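Please walk through this structure step by step.

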Amino acid sequence: MTAADTTLAQRSNQVVRTFIIGLLLIDLAWLPFSTIRLNAVSLLVPLVAALVLTFAAHVYRERRAEHKIADGLDCSAQIIGFFAVGALFSYLLASLGFPLQDPVLYDVDRALGLDWMAYLKAVNQRPLLGLLFQLAYDSFIPQVLILIVTLSFTGRGSAARVMILAMIFAGFVTILISGFFPAMAMFVHLNLTPADFPHLSPSAAFVHVHDMQALRAGAPFDLDLSKAQGIITFPSYHAALGLLMLLGGLAHPVLRWPVAALNLTMIAATPIDGGHYFVDVGAGLIIAGACYLLAQRLLQPTYGPAARFVPVVATAEVAES
């Protein structure tokens, strides 16, 4: 492990831990003044898991000099910790009940000449494509685990750390925007039912509806984070994750092409399986790109502008030769 990699790992841990602890403190300070009644165990379990992984990473790095294992453990701890505090933050913001923006998002799509219903009908007429979309859309968790393990254990921990930090930044930005510009998504806005797309089983067409409606009603809401749903519509966090995993996969010479193909499919599936407006997807991709650049800037400040999107690829491959 080079001195630059060591510095990057230290900086990554400092930035991510500060960010997660800060967001946790915001959650805990806000919670008593909200309508949400949190199942505390559902927050404690992932946070304890993240702490255990962080401690294990410290042991492997400082006592055993197993930096590849430490990278994998750190990245796993960071994404678990953020998803816990980020999910709670998204529910707190949704409870504010700002006006729904579905008509605005729908009109923007139409103004851009993007016909969501035509896209739904086209995919519905091709059940195999619909199945492929569903599998790609649902692939986030196994994908991110595979990428963390593969990148870390092949000496590309820097690429994994940049990807995870960018995911955390993008998650925070999408959650924050969605809280002030909430939406119920296309299936609900158009009053569609499964009978309108009989050959499809969109993964997240309606799973968020109950929670969103209950949060917006202003009544006490019992939240178990282990059962939390993705309630973000605009911008699309799923589209952002797809682009960030694609960029992370570029660091590996074998995984880069299958990961790129899978995540391009995930992005294409997002309007259908996530019920997203096309503008949601575009906004998510823009945020992802900006957050990836920011993560690189913070963790790899020595790289020049020309290498902004590829330094981790070049570093790993030069080290192998």
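Asn191 counts as exposed, at 63% relative accessibility. Here exposed means over 50% relative accessible area, buried under 20%, and partly exposed in between, with a 1.4 Å probe and protein chains only. Asn191 is found in the loop between α9 and α10 (209-217). Helices (H or I, at least four residues) and strands (E, at least two) are DSSP runs, numbered from the N terminus. Asn191 is not a glycine, yet has a positive phi of about 55°.

The model is predicted: local features need pLDDT of at least 70, side-chain atom pairs count only at pLDDT 80 or more, and totals for chains, interfaces and linings use all residues. Residues are numbered from 1 along each chain as its sequence is written, and side-chain values use heavy atoms, with hydrogens and water left out.

Ala65 also has a positive phi, of about 55°, although it is not a glycine. This residue sits in the loop between α2 and α3. Ala65 is exposed, with a relative accessible area of 51%.

Another loop, between β2 (221-223) and α11, holds Pro235. The peptide bond from Phe234 to Pro235 is cis, with omega near -5°. Phe234 and Pro235 are both touched by Asp280, and so are Leu105, Thr233 and Ser236, not counting residues up to four places away in sequence. Contact means heavy atoms within 4.5 Å. Asp280 is found in helix α13 (residues 278-299). Its relative accessible area is 0%, so Asp280 is buried. Along the chain, Asp280 and Ala185 are 95 residues apart, but their C-alpha atoms are separated by 9.5 Å.

Asp74 is found in helix α3. Asp74 counts as buried, at 2% relative accessibility. Leaving aside neighbours within four places in sequence, Asp74 is in contact with Asn13, Arg17, Thr54, Ala57, Arg61 and Arg161.

Now turn to the helices. What does one face of a helix look like from inside? In α5, the buried residues are Trp116, Leu120, Val123 and Asn124. Seen down the axis of α5, they fall within an arc of 100°, so they line one face of the helix. The arc is that of the directions from the helix axis to the C-beta atoms. These buried residues of α5 pack against α6, α9 (186-189), α12 and α13.

Helix α6 (residues 127-137) has Gly130, Phe133, Ala136 and Tyr137 as its buried residues. Their arc, seen down the axis of α6, is 125°, so they too line one face of the helix. An α-helix has 3.6 residues a turn, so residues three or four places apart point the same way. The face of α6 turned away from the buried side carries the exposed residues Leu128 and Leu135. Among the elements covering the buried residues of α6 are α5 (116-124), α7, α11 and α12 (256-273).

Thr265 is found in helix α12. With a relative accessible area of 18%, Thr265 is buried. Beyond neighbours within four places in sequence, Thr265 is in contact with Leu132, Phe133 and Ala136.

Next comes the interior. In soluble globular proteins, nonpolar side chains tend to be buried together. A nonpolar core is a set of buried Ala, Val, Leu, Ile, Met, Phe, Trp, Tyr and Cys residues joined through side-chain atoms within 4.5 Å. The largest nonpolar core has 65 residues, of which Val144, Met163, Ile164, Met167, Tyr237 and Met245 touch the most other members. Leaving aside neighbours within four places in sequence, Ile164 is in contact with Cys75, Gln78, Ile79, Val144 and Ile148. A second, separate core of 20 residues includes Phe133, Met186, Ala204 and Tyr277.

Where is space left empty? Rolling a probe the size of a water molecule over the atoms shows this. On a 1 Å grid over the protein atoms alone, a cavity is a set of points where a 1.4 Å probe fits but cannot get out, and a pocket is an open set with protein on both sides within 12 Å along at least five of seven lines; lining residues have an atom within 4 Å of a point. Grid points are joined across faces, edges and corners, and a volume is the space filled by probe spheres set on the points.

The largest pocket has a volume of about 1,200 Å³. Its lining has 37 residues, of which Phe83, Phe140, Ala228, Gln229 and Gly230 lie nearest the centre. At least two lining residues come from each of α2 (40-62), α3 (67-94), α7 (140-153) and α11 (237-249). Helix α3 gives the most, with nine residues. The lining divides into 22 nonpolar, 14 polar and one charged. Ala, Val, Leu, Ile, Met, Phe, Trp, Tyr, Cys and Pro count as nonpolar, Asp, Glu, Lys and Arg as charged, and the others, Gly among them, as polar.
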